[in-house]
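Trainee: I would like a close look at one part of this model. Please take me through it step by step.

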Amino acid sequence: MACDQRAASVIGSDVYVGTGRDENYGYANDWYRYAATNAVWHQVASLPADGRQYCTAFTIDSTGYLFGGSNDNGLFTDLWAYDPLSDSWNAKAHLPAAARSSCASFVIDGKGYIVLGRYGAGDSISNACWSYERASDSWQERASYPGTGRLLATAFSDGYYGYVVGGQDSTATGVADGYRYDPTADAWTPIPALPGIGRFDSFGSFGTTLGFMLGGTTNYDPCCLAEAWSYGPNTGTWAAMPGLPNGNRKGGVAAFVPHV
């Protein structure tokens, strides 16, 4: 299984993890399913495209989606849909904009949202936001993220709003601010900054009532962090949690699996 900069999504009670770099630092396109009900890993269909890292993944209903990423040949605009019933991937509409990687993503009301990331031949840093409509297989540009452009931010959704926190700025340093996205108003509003130091390449997920942000790094040397934080959308507050028990890390994945 790939061991660095993987992408992950949850479908039902299963976690799907794939792409990234493998143990020999090659670009991977293999995927695995973790069955949380019995804690067993199963290999599933590989992505039928070039291996890549720095993708972003999300789930709409019972379909997993994988967007973008990069390898030594450049960045990608492609979107792929994974059907767990047929164990197959299908190509979807490409993003009608510059190729990009290291984006954050979340889902609200059956739409996937892609925000921030690295784009273009010059590796510029974006603050753009796009939504993907499954029914029409189409993209629409949304209000841009109001903070400075960044990549490797952490995102999650409570089903009503999207939350994007931290990320790496143009100086390759972690930032701590965050914003909430309202899809009805197509508008972003600031939320309290993450306490302590800024960070990027953290891994995050939303549970039943709280968002979680784990690990990451504030710059590449030294690396990394074991900190864990929870965010309460109803209270607008961050709370420190016990640190990761298996050490400092960045570039991992986090998934909340209900009803296990």
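Trainee: Which residues line the largest cavity?

Mentor: Keep in mind that this is a predicted model. The lining of the largest cavity consists of Ser9, Ile11, Tyr16, Trp31, Gly64, Tyr65, Tyr82 and Trp89. The volume of this cavity is about 60 Å³. With a cut-off of 30 Å³ or more, the count is one cavity.

Sort the lining by class next. Six of the lining residues are nonpolar and two are polar. None is charged.

Now look at the strands around the cavity. Strand E1 (7-11) supplies at least two residues of the lining, and so does E6. Strand E6 covers residues 63-67. E6 runs antiparallel to E9, and four bridges join them. Find Gly64 here: Tyr82 in E9 stands opposite. Both Gly64 and Tyr82 are on the list of lining residues.

Stay with E9, residues 79-83. This strand is mostly covered, with four of its five residues buried. E9 also pairs with strand E10 (residues 88-92). That pairing is antiparallel too, over five bridges. Here Tyr82 stands opposite Trp89 in E10. Trp89 is another of the lining residues.

Follow the chain from E9 into E10. The two strands form a hairpin, and four residues lie between them. The structure holds one disulfide. Cys223 and Cys224 form this bond, with their sulfur atoms 1.8 Å apart. The torsion about the S-S bond is about 60 degrees, so the disulfide is right-handed. Cys223 counts as partly exposed because its relative accessibility is 38%. Cys224 counts as buried because its value is 17%.

Cys55, by contrast, is in no disulfide. The nearest cysteine sulfur belongs to Cys103 and is 9.7 Å away. Cys55 is at 10% relative accessibility, so it counts as buried. Cys129 is at 0% relative accessibility and so counts as buried.

Methods: Residues are numbered from 1 along each chain as its sequence is written. This is a predicted model: local features need pLDDT of at least 70, side-chain atom pairs count only at pLDDT 80 or more; totals for chains, interfaces and linings use all residues. Side-chain values use heavy atoms; hydrogens and water are left out. A disulfide is a pair of cysteine sulfur atoms within 2.5 Å. Buried means under 20% relative accessible area, exposed over 50%, partly exposed in between (1.4 Å probe, protein chains only). Two strands pair if DSSP finds at least two bridges between them. On a 1 Å grid over the protein atoms alone, a cavity is a set of points where a 1.4 Å probe fits but cannot get out, and a pocket is an open set with protein on both sides within 12 Å along at least five of seven lines; lining residues have an atom within 4 Å of a point. Grid points are joined across faces, edges and corners, and a volume is the space filled by probe spheres set on the points. Ala, Val, Leu, Ile, Met, Phe, Trp, Tyr, Cys and Pro count as nonpolar, Asp, Glu, Lys and Arg as charged, and the others, Gly among them, as polar.
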